[in-house]
Amino acid sequence: MSKSIDTSQPIIYPKWFGGSASCMAVLVSHPLDLIKVRMQMGHGGTKVGTLNTCIRIVQGEGMLALYNGLSAGFIRQLTYGSVRIGLYETLKEQTKANNIPTSPPVLGVLAGISGFIGAIFGNSSDIGNIRMQNDGSLPPHLRRNYRHIFDAWRQIKHQEGWKAFGQGLWPNAFRCGMMTSCQLASYDSFRDLIVATTGIHEDHPGLHLSASFLAALVATTLCSPIDVIKTQLMGSSRNEMGLSRVDAKFRSAGATDYGNADSFGAA
């Protein structure tokens with residue numbers, strides 16, 4: 001005898017589901033993120049487009065090279081992704097419990113705080129991720145050859161010390177705060193605009209997919225300059241003076257190059 005299912009109560013998912021879902025997304029987005037990092041690091045000073053960068057990687061390093069640093073990508077989402085999504089939901093619940101209107105500006109602030117704090121937890125994974133993704137573009141004698149994220153952490157600690165794990169922390173935290181806030185604010189705006197212009201039902205999957213894509217595009221474009229700075233700082237060892245790399249890149253390529261590869265890396 002089958003039991004009836006009570007559909008009147010909303011389904012409550014564990015807050016760590018956000019991190020696990022982000023890990024699934026990494027399986028699809030990691031190659032694009034790697035291409036973005038290669039373009040942002042810009043070794044050799046020659047600007048190369050997205051497709052040409054992808055072709056160079058595949059021809060020179062093989063198809064699997066597009067997934068270099070995948071272990072770091074997973075750990076980053078289990079830390080940064082889980083914290084920012086779980087914290088955002090908690091803050092939103094507390095806001096409603098205190099009878100504070102959850103207007104778009106309020107939600108934007110909550111999202112920004114969540115992204116900022118989440119980046120602090122994921123910073124060490126982000127450093128390993130960027131270095132592993134960019135390793136194949138370096139001359140053989142300069143490659144770090146990290147086998148996985150735990151090997152990366154071991155080598156970073158041994159060669160550069162504990163302070164190296166905070167490299168690029170503040171640009172990363174501000175970038176993640178801005179990214180999360182922009183994603184939320186623009187998502188709500190695009191969702192309402194699509195509903196108003198097309199009359200589509202608010203539960204339609206196409207609505208959420210379209211609004212999410214447009215929100216990610218806006219957020220990534222706005223946050224691209226600070227994302228380039230973060231990548232430059234994290235991709236350099238403390239001995240390589242990452243700030244000097246950023247200054248040299250700005251002087252040689254100009255401010256417009258800080259929008260390089262702004263189509264990827266929305267997470």
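Student: Why is Asn145 called exposed in this structure?

Tutor: In this predicted model, Asn145 has a relative accessible area of 52%. The cut-off for exposed is over 50%, so Asn145 counts as exposed. Asn145 belongs to the loop between H4 and helix H5 (149–160).

Student: What makes the phi of Asn145 worth noting?

Tutor: The phi of Asn145 is positive, about 55°, although the residue is not a glycine. Asn99 likewise is a residue other than glycine with a positive phi, near 60°.

Student: Where is Asn99 found, and why does it count as exposed?

Tutor: Asn99 is in the loop between helix H3 (70–97) and helix H4 (104–134). Its relative accessibility is 71%; exposed requires over 50%, and therefore Asn99 is classed as exposed.

Student: Which residues have the most contacts inside the largest nonpolar core?

Tutor: They are Met132, Tyr146, Ile149, Ala152 and Ile156, in a core of 14 residues. Helix H1 (17–41), H3, H4 and H5 each give two or more residues to this core. Another core, of six residues, lies apart from it and includes Met39, Ile57, Ala65 and Leu66.

Key:
Residues are numbered from 1 along each chain as its sequence is written. This is a predicted model: local features need pLDDT of at least 70, side-chain atom pairs count only at pLDDT 80 or more; totals for chains, interfaces and linings use all residues. Side-chain values use heavy atoms; hydrogens and water are left out. Helices (H or I, at least four residues) and strands (E, at least two) are DSSP runs, numbered from the N terminus. Buried means under 20% relative accessible area, exposed over 50%, partly exposed in between (1.4 Å probe, protein chains only). A nonpolar core is a set of buried Ala, Val, Leu, Ile, Met, Phe, Trp, Tyr and Cys residues joined through side-chain atoms within 4.5 Å.
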